[in-house]
Amino acid sequence: MSWTLPMDGGCRCGAVRFRIDAAPMMSMACHCTGCQRMSGSAFSLTVMVPTAGFRLTEGETVRGGLREGAAHHQHCDACKSWVFTRVEPDMGFVNVRATMLDDTDWFEPFVESWTDEKLAWVTTPARHSFAQFPPMEAYQPLMAEFAALHAT
Ligand SMILES: [Zn+2]
Ligand SMILES: [Zn+2]
């Protein structure tokens with residue numbers, strides 16, 4: 001399945017809107033307890049996109065979550081939706097919460113992380129599972145496989 005760009009999305013109340021105009025690099029589900037708590041659900045869903053291919057088109061976000069460390073979880077200040085996470089210093093990507101997209105029909109997690117902490121009954125269709133985060137050296141081959149899946 002090839003990409004239909006741009007992809008638009010926004011928070012629960014619509015004060016924050018964003019646009020993705022570069023091909024996603026990966027799709028993921030994270031089962032860690034931090035994602036469970038911030039999402040209010042069993043896991044978080046991520047579309048990993050190049051930093052240059054992501055921008056806010058309406059509103060501003062504020063930092064939420066633990067507000068420490070390299071991961072900056074960005075939330076709508078009005079409705080408190082967790083909209084995206086960026087890493088500082090920038091590592092070239094932004095993790096957008098997949099459920100903020102206007103069109104989620106295409107979305108399926110390709111990788112799942114932190115199965116060590118997942119709720120016992122949860123299963124996902126992810127093709128690759130990791131007990132914690134994938135090791136750094138795993139990202140390049142995973143992204144290549146993901147790109148090949150979406151090349152046609
Ligand atoms: Zn909002
Ligand atoms: Zn997580």
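1. Cys35 is buried, with a relative accessible area of 10%; buried here means under 20% relative accessible area, exposed over 50%, and partly exposed in between (1.4 Å probe, protein chains only). The model is predicted, so local features are given only at pLDDT of at least 70 and side-chain atom pairs only at pLDDT 80 or more, while totals for chains, interfaces and linings use all residues. Residues are numbered from 1 along each chain as its sequence is written, chains are lettered from A and ligands numbered from 1 in the order in which they are written, and side-chain values use heavy atoms, with hydrogens and water left out.

2. Donors are N, O and S atoms within 2.8 Å of the metal (3.2 Å for Na, K and Ca); because water is not among the atoms, sites may look incomplete.

3. Cys30 belongs to strand β3, residues 26-30. Strands (E, at least two residues) and helices (H or I, at least four) are DSSP runs numbered from the N terminus. Cys30 is buried, at a relative accessible area of 7%. Its contacts (heavy atoms within 4.5 Å), not counting residues up to four places away in sequence, are Cys35, Phe43, Ser44, Ser113, Trp114 and Phe133. Although Cys30 and Phe43 are 13 residues apart in sequence, their C-alpha atoms are 5.4 Å apart in space.

4. His31 lies in the loop between β3 and α1 (33-39). With a relative accessible area of 0%, His31 is buried. Not counting residues up to four places away in sequence, His31 touches several residues, among them Phe43, Glu112, Trp114, Lys118 and Thr124.

5. The zinc ion (ligand 1) is coordinated by Cys11 (SG), Cys13 (SG), Cys76 (SG) and Cys79 (SG), at 2.2 to 2.4 Å. Along the chain these donors are spaced C-x1-C-x62-C-x2-C. The site of the zinc ion (ligand 1) is tetrahedral, with angles of 107 to 113° among its four donor atoms. Four donors count as tetrahedral if all angles lie between 85 and 135 degrees; four count as square planar and six as octahedral if opposite donors are over 155 degrees apart and all others between 65 and 115, and anything else is irregular. The ideal angle for four tetrahedral donors is 109.5 degrees. Cys11 is buried, at a relative accessible area of 9%, whereas Cys13 counts as partly exposed at 44% relative accessibility.

6. Strand β1 (residues 7-10) pairs with β2 in the antiparallel sense over four bridges; a pair requires at least two DSSP bridges between the strands. Gly10 stands opposite Arg17 in β2. The hairpin of β1 and β2 has six residues between the strands, and Gly14 there takes a positive phi near 90°. β2 also pairs with strand β5 (residues 54-58), in the antiparallel sense and over four bridges, with Ile20 opposite Phe54 in β5. The covered face of β2 holds Phe18 and Ile20, and the uncovered face Arg17 and Arg19.

7. The largest nonpolar core has 34 residues, and those with the most contacts inside it are Phe18, Ile20, Met26, Phe54 and Val96. At least two residues each come from β2 (17-20), β3, β4 (44-50), β8 (82-87), β9 (93-97) and α2 (136-149). α2 gives the most to this core, with five residues. A second, separate core of five residues includes Cys30, Cys32, Trp82 and Trp114. A nonpolar core is a set of buried Ala, Val, Leu, Ile, Met, Phe, Trp, Tyr and Cys residues joined through side-chain atoms within 4.5 Å.

8. Some backbone features deserve a check. Most residues other than glycine have a negative phi, and most peptide bonds are trans. Trp114, which is not a glycine, has a positive phi of about 55°. Trp114 lies in the loop between β10 (111-113) and β11 (128-129) and is buried, with a relative accessible area of 19%. Lys80 has a positive phi of about 70° and sits in the loop between β7 (71-76) and β8; at 52% relative accessibility, Lys80 counts as exposed. The peptide bond from Leu5 to Pro6 is cis, with omega near 0°, and Pro6 is found in the segment before β1. The bond from Glu88 to Pro89 is also cis, with omega near 0°; Pro89 lies in the loop between β8 and β9.
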